[in-house]
Amino acid sequence: MSHSILVVDDERAVRASLKKVLTAEGFEVQTAETLAAGRAALAASPPDVVIFDLRLPDGSGLDLLSEVRKLDSGIQTILITAYGDIQAAVGAMKAGAGDFLKKPYELEELLHAVHSAARNLERDTQLDGFRRRALQRHHADQMVG
């Protein structure tokens, strides 16, 4: 199953390298360089995974994270930043980030985070299917108490 990824980062080299690597891994990748462009891409075609920088030229990546959570809490998120301190990581995780990577990150570390996010998405989709089938089989009006 091919998953879609949105990369929001103001550094052109980061966007280009992530697009190249993740496309080679079989993902569909969109990129955006600003918070506004990320919002537009998110609204136009919600991705399965969002990889975003904490500091963007026109705002905070945490604002984008909040919007992702409001749009669809099932979208997996990975925060990447050069300003990786404990306080930023804790704040990002409390806000709902699925993972946090500090620049410069190892390529294997990023790929592990992306594949983990894809597995989480597949697991959540499968669990939702199980829940729907269970609800269809077991109606409250059929219960004897």
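Which residues touch the most other members of the largest nonpolar core? I opened my notebook with that one, keeping in mind that this is a predicted model.

**Entry 1: the cores**

I looked up the largest nonpolar core, which has 20 residues. L6, V8, L42, V50, F52 and L64 are the ones that touch the most other members. I then checked where the core residues come from: β1, α2, β3, α3 and α4 each give two or more residues to it. There is also a second, separate core of 19 residues, and V29, I78, I80 and A117 are included in it.

Setting aside its neighbours within four places in sequence, I found F52 in contact with V8, G61, L62, L64, L65, T77, I78, L79 and I80.

**Entry 2: the overall layout**

I stepped back to the whole protein next. I noted 5 helices and 7 strands, and along the sequence they follow the pattern β-α-β-α-β-β-β-α-β-α-β-α. The protein has 145 residues, and 37% of them are buried. I also looked at contacts between residues at least 6 apart in sequence: 64% of these join residues at least 24 apart.

**Entry 3: helix α2**

Which residues of α2 are buried? For this helix, residues 35–44, I wrote down L35, G38, A41 and L42. Looking down the axis of α2, I saw these buried residues fall within an arc of 125°, so they line one face of the helix. A43 and A44 are exposed on the other side of α2.

I wanted to know what sits over that buried face. The cover of α2's buried residues includes the strands β1 (4–8), β2 (28–32), β3 (49–53), β4 (55–56) and β5 (59–60), along with helix α3 (61–71).

**Entry 4: α2 against α3**

How far apart are the axes of α2 and α3? I have them down as 10 Å apart, with the two helices packing at an angle of about 10°. Angles under 35 degrees count as roughly parallel, so α2 and α3 are roughly parallel to each other. On the α2 side, the contact is made by L35, G38, R39 and L42; on the α3 side, by D63, L64, E67, V68 and L71. Sorted by class, that contact has 5 nonpolar, 1 polar and 3 charged residues.

**Entry 5: helix α4**

I kept reading past the end of the helix. Just after α4, G96 takes a positive phi of about 115°.

Which residues does a cis peptide bond join? I found K103 and P104, with omega at about -5°. P104 lies in the loop between β7 and α5.

My last stop was R119, in helix α5 (residues 107–137). Its relative accessibility is 46%, so R119 counts as partly exposed. I also checked R119 against Q76: the two are 43 residues apart along the chain, and their C-alpha atoms are separated by 9.9 Å.

Technical notes:
Residues are numbered from 1 along each chain as its sequence is written. This is a predicted model: local features need pLDDT of at least 70, side-chain atom pairs count only at pLDDT 80 or more; totals for chains, interfaces and linings use all residues. Side-chain values use heavy atoms; hydrogens and water are left out. Buried means under 20% relative accessible area, exposed over 50%, partly exposed in between (1.4 Å probe, protein chains only). Helices (H or I, at least four residues) and strands (E, at least two) are DSSP runs, numbered from the N terminus. The arc is that of the directions from the helix axis to the C-beta atoms. Contact means heavy atoms within 4.5 Å. A nonpolar core is a set of buried Ala, Val, Leu, Ile, Met, Phe, Trp, Tyr and Cys residues joined through side-chain atoms within 4.5 Å. Axes are lines fitted to C-alpha atoms, for helices over the stretch in contact, and angles run from 0 to 180 degrees between N-to-C directions. Angles under 35 degrees count as roughly parallel, over 145 as roughly antiparallel, 65 to 115 as roughly perpendicular and the rest as oblique. Ala, Val, Leu, Ile, Met, Phe, Trp, Tyr, Cys and Pro count as nonpolar, Asp, Glu, Lys and Arg as charged, and the others, Gly among them, as polar.
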